Amino acid sequence: MNILFLYISLGDISSSGVFTDLIREFSKQGHSVKVATPAKPNQQLGLHKEAGIDVLRFKTDQLTNNTSNIKKGLAYMKLIYQYPSAIKKYFGREKFDVIIGHSLPPEIGLIVPRLKRYYHAKFYLQLCEYIWQDSVSLGFFKKSSPICKYYQWLERRTIKAADYVGCPSQGNVDFALGMYPWAANHDIHIIHYCQQPISIPTGGEDIRKNLGLEGKFVAIYGGNMSIAQKVSNVLDLAESCLEYDDIVFLFLGKGQQVESIKQEAKDRNLGNIRFLKFMPKDEYQKLLASCDVGIVSLNEKLAIPNIPSKTLGLFNMAVPVLAAVDHVTDYGKYLEEAGAGLWCYSGENDKFKQNLLTLYNNRELCKQMGKNGYNFFMTHMTPTCGYNTIIEHIENY
């Protein structure tokens, strides 16, 4: 088949990532693959080869967090015209059987219908993100506001444009059907996040030694630090564990609240927390694989079922998950299905601590949950798994 992938943000196709690994898998399986994506700063513009795949990177206004929300919003609206224009310019004479794309940006609901008509193609939607629900619940704008109505309209347009809809968990499927019962007519199903497996690296003990972590029980929080994660959950947990000299919390990531989190940890004299600077990917993987627990935190105000993408790395590195989550997500059930960690609701501080101490006091359980996560990853979350799921639905529906 001839496949066109549409993603809003992509690194080099040869590098590992949730989307790049899936793209390469389709190419590996013998399909003709092309990719269209906005260029990031300093990326080469135009059509060129990456990992042997034709990749079109076209110029847009600033889409990153380094600009105001108003300018970024206008830049996304311009994509409605820029995306199809660039694709037709470079791929106009191509024939595409299937277009595969993500639910971000929301404007994809206006972009894809034009491309479907032009190429007479089907559309496979990876429905992983919802904009207006969480924005309302976190107080960014009101449900009655024009901007909310706009994003609601785009969301409906996106799902209606899809011939197949893949969601990362059953909770996401149920959520979409609850919002839009007619989505059942669009072959809605589960497709787990997927990524190329990484051999569990050795050398983690050397990193632990260099960081002074020998003999410590290490819990790591890696990733975004913003309002959606409510990292204060982890600060509360660390404060409750100050009596345990051998429990250490590592923080490594980026986001809007990094500096405020550092300051709060300092103000609260949380000597069991260490903030690490950026480290090369291979070094981070060694460190992650050597940690005892990986922490996931979600704001209790979130309004959609969120499956954090960091789960891929934790499962792949056989690191058990300790999670505090909102009441809407099915992430707790997800961990239970995999047997890969313990969870509680965000704000249940005593339970959060109890779960950590369960893993701290039972190292065999800790290791077994890590192994369970790894087995779940290898069974459900490799690019081959994602490829097979998509192909099965495209061919059978």
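Phe 141 is buried, as is Tyr 151, where buried denotes a relative accessible area under 20%, with exposed over 50% and partly exposed in between, for a 1.4 Å probe and protein chains only. The model is predicted, so that local features need pLDDT of at least 70 and side-chain atom pairs count only at pLDDT 80 or more, while totals for chains, interfaces and linings use all residues. Residues are numbered from 1 along each chain as its sequence is written, and side-chain values use heavy atoms, with hydrogens and water left out.

Rings of Phe, Tyr and Trp (its six-membered ring) are taken to pair if their centres lie within 6.5 Å, and the planes count as stacked under 30 degrees apart, as edge-to-face over 60 and as tilted for the rest. By this rule there are 22 aromatic pairs. One of them is stacked because the rings of Tyr 7 and Phe 19 have centres 4.2 Å apart and planes at 15°. Tyr 7 lies in the loop between strand S1 (2-6) and helix H1 (18-28), and Phe 19, 12 residues apart from it, in helix H1; helices (H or I, at least four residues) and strands (E, at least two) are DSSP runs numbered from the N terminus. Tyr 7 and Phe 19 are both buried, and together with Phe 5, Phe 26 and Tyr 387 they form one aromatic cluster.

Phe 141 and Tyr 151 form a stacked pair, at 6.3 Å centre to centre and 20° between the planes.

The charged end of Lys 310 sits over the ring of Tyr 221, 3.8 Å from its centre, a term that requires NZ of Lys or CZ of Arg within 6 Å of the ring centre and within 35 degrees of the ring normal.
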